[in-house]
Amino acid sequence: MPVDASPPLTTYAQREAALLASYAMPSTASRGRKYPEPEHPYRGPFQRDRDRILHCSAFRRLSGKMQVFTGDMGDYHRTRLTHTHEVASIARTIGRVLKLNEDLIEALALFHDIGHPPFGHAGEDALDECLHAHGGFSHNRFALTLAEELESRYPAFPGLNLTLEVLEGQATRADKDAAYAACGEAPLLEVQVVETADSVTYDAHDTDDAVKLALVSLDELARCTLVGEALTHVRRQYADLRDDLLRKAVVHQLIDRQVSDVLHTSAAILAEAHGMTAQEIRRSPLRIAASRELCDQKKELENFLHERVYRHPRLIAVRRQAQDRLKQLFACYCENPDLLPAHFQDRARQVGLPRAVGDYLAGMTDRFCERQYRVLVEQRPAASLEM
């Protein structure tokens, strides 16, 4: 009989043993899933989580949800989906250098904003107001609802059946103080990396988008130390750059400056963690962190963005219109539950009509929400279109 000469496959456990620090979260130590499943022959549990998130309907709908700026303002700026991919990229870079579990980091990053409703934080605020008497609305909590109840891709269980580590990481985002108080442990380092990467990402890309859309000028933003230093650095390297290349070079420098600071600061902190396990470091005071100088500079930039960009008259008008339309749609569906798709009518019998309506609206893209508003509120037909 011929002998199989193909080399043996490297298992994910072997790969992690060779590459991860002691304080990383190994796949082999996962606490598993709510609904037990057999292991995959060559994909670790966190790799499978990543793939399940990537292929689910809610993830695809992120391409139709605004990050900060509406689609009416052009095609350049970030959507919720492109923001998510940028976070995942930066988080994996940080995780790789610190020898953490990149598979877990990527799954957490792809999952972190999956619960956002249409129209960004404006939509979230509107739904929270609509559901005030029914527990409110949080996009972080809604991500868990999607993963555990609403997504339907597998015949053997509801939801995506993600690992408990990914679900716990998202629960930490939903209520950081309560999560820490409940178990007396800080989040896994991989969870902390995603939180850090999220902050790095939106500070850089909101700066980029705001200048590109002419809401503020680069020189105005340069009054903030972090942007001013980045602009000075770029101008030292390159003379007479045209405006679009100057903006892009500054954004690149903003990312590099933040990531480099986090890596140097965190590496020094984690040097004290040699030999500690993932669970041991959670009970220690050691954290992924940026330097105090960078934290102060980021706060200055974020205050500027809040006052000059997020509260820009063009965005305020969009927010108000979006919130008004969501509230009217919420009232419309509550008054006419037969307009809901059949599976949300079933859900209303399980969790109550207001919550089911909120869940349905939260899953909509900006475009679909606008269409439903025109169809149901402005034209008032007898029936709606299903998602």
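So, where helix 17 meets helix 18: on one side we have F344, R347, A348 and V351, and on the other L353, R355, A356, D359 and Y360, with contact meaning heavy atoms within 4.5 Å. Those contact residues split into 6 nonpolar, no polar and 3 charged; Ala, Val, Leu, Ile, Met, Phe, Trp, Tyr, Cys and Pro go down as nonpolar, Asp, Glu, Lys and Arg as charged, and the others, Gly among them, as polar.

Quick word on the source: this is a predicted model, where local features need pLDDT of at least 70 and side-chain atom pairs pLDDT 80 or more, while totals for chains, interfaces and linings use all residues. Numbering starts from 1 along each chain as its sequence is written, and side-chain values use heavy atoms, leaving out hydrogens and water.

Back to our pair. Helix 17 covers residues 342-351 and helix 18 covers 353-363; helices here are DSSP runs (H or I, at least four residues), numbered from the N terminus. Their axes, lines fitted to C-alpha atoms over the stretch in contact, sit 7 Å apart at an angle of about 135 degrees.

Now, how many residues of helix 18 are buried? It's 10 of the 11, so helix 18 is largely enclosed by the rest of the structure. Buried means under 20% relative accessible area, with a 1.4 Å probe and protein chains only. P354, G358 and G363 are among the buried ones. The cover includes helix 3, helix 6, helix 7, helix 16, helix 17 and helix 19.

One last stop: D113, in the loop between helix 5 and helix 6. D113 counts as buried because its relative accessibility is 3%.

Terms used:
Helices (H or I, at least four residues) and strands (E, at least two) are DSSP runs, numbered from the N terminus. Buried means under 20% relative accessible area, exposed over 50%, partly exposed in between (1.4 Å probe, protein chains only). Axes are lines fitted to C-alpha atoms, for helices over the stretch in contact, and angles run from 0 to 180 degrees between N-to-C directions.
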